[in-house]
Structures are given as C-alpha cells and as structure tokens.
Amino acid sequence: SGAELVHRDDWGSLYRKGILGDEPIVMVKVVNATPEPDGSMRDYFLRVPPNMERARQAVAWTFAKAEHEYEPGVET
C-alpha cells in the first residue's frame with residue numbers, strides 16, 4: 001500500500017499513508033489476543049485519526065481513552 005511505519009511498540013504498529021488532496025490515512029495494526037481455532041493469531045488494522053503519533057496512543061483512542069489512561073489488566 002505504500003504506507004509508512006511511523007511507530008511500533010508492545011501495543012501495535014502505527015502506519016501512515018499520505019493521500020493527495022486529503023488527510024492521511026492512519027491505521028494501527030494490532031494482534032487479536034484470542035487465538036483462532038487453528039491456534040494462529042490474527043492481525044487487524046484499525047483506522048485512527050491522522051493526529052495519532054504512537055501505537056499505544058492509537059489503541060487507547062479506539063477505547064475512548066487517553067494514552068496515559070490505557071492500562072488493560074486483562075486482554076480477552
């Protein structure tokens with residue numbers, strides 16, 4: 001797709017793709033915490049606002065939280 005990796009941490013990978021005449025597309029790639037029936041782990045790309053700069057910040061945004069508020073105790 002030509003998207004550029006902007007940031008990667010334990011929460012995911014943040015990608016940005018510039019769009020001529022429009023705002024960039026920014027997506028965070030995360031791994032589903034629940035294994036598939038065959039035991040594999042599925043990746044998901046979640047679109048986030050273009051002002052996101054860090055993967056954890058972007059994941060937190062998907063839960064309507066600020067980056068410093070996002071501290072899940074258990075992943076399901």
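Reply: Happy to, starting with a term: two strands pair if DSSP finds at least two bridges between them, and strands (E, at least two residues) and helices (H or I, at least four) are DSSP runs, numbered from the N terminus. This is a predicted model, where local features need pLDDT of at least 70, side-chain atom pairs count only at pLDDT 80 or more, and totals for chains, interfaces and linings use all residues. Residues are numbered from 1 along each chain as its sequence is written, and side-chain values use heavy atoms, with hydrogens and water left out.

Me: OK, which residue is the bridge partner of Arg8 in strand 2?
Reply: That partner is Ser13. Strand 1 and strand 2 run antiparallel and are joined by five bridges.

Me: And what order do the strands of the open sheet have?
Reply: The four strands are ordered 1-2-3-4, with antiparallel pairing. Strand 1 and strand 4 are at the edges with a single partner strand each, so one side of each has no neighbour in the sheet.

Me: Switching to helix 1, why is it largely enclosed?
Reply: Helix 1 is largely enclosed by the rest of the structure because six of its eight residues are buried, where buried means under 20% relative accessible area, exposed over 50% and partly exposed in between (1.4 Å probe, protein chains only). The buried ones are Ala55, Arg56, Gln57, Ala58, Val59 and Ala60, and they pack against strand 1 (4-9), strand 2 (12-19), strand 3 and strand 4 (43-48).

Me: Gln57 is on that list; what does it touch?
Reply: Leaving out residues up to four places away in sequence, Gln57 touches Asn51, Met52 and Glu67, contact meaning heavy atoms within 4.5 Å. Gln57 sits in helix 1 (residues 55-62) and counts as buried because its relative accessibility is 17%. A polar atom of the Gln57 side chain also lies 2.7 Å from the backbone nitrogen of Glu53.

Me: Which residues make up the largest nonpolar core?
Reply: There are 11 residues: Leu14, Val26, Val28, Val30, Val48, Met52, Ala55, Ala58, Val59, Ala60 and Tyr70. Such a core is a set of buried Ala, Val, Leu, Ile, Met, Phe, Trp, Tyr and Cys residues joined through side-chain atoms within 4.5 Å. Strand 3 (22-31) and helix 1 each supply at least two residues of this core, and helix 1 gives the most, with four.

Me: Last one, what happens just after helix 1?
Reply: Just after helix 1, Ala64 takes a positive phi of about 60°.

Note on methods: A polar contact is a pair of N or O atoms within 3.5 Å; within protein, one must be able to donate a hydrogen and the other to accept it, and residues adjacent in sequence count only if both atoms are side-chain atoms.
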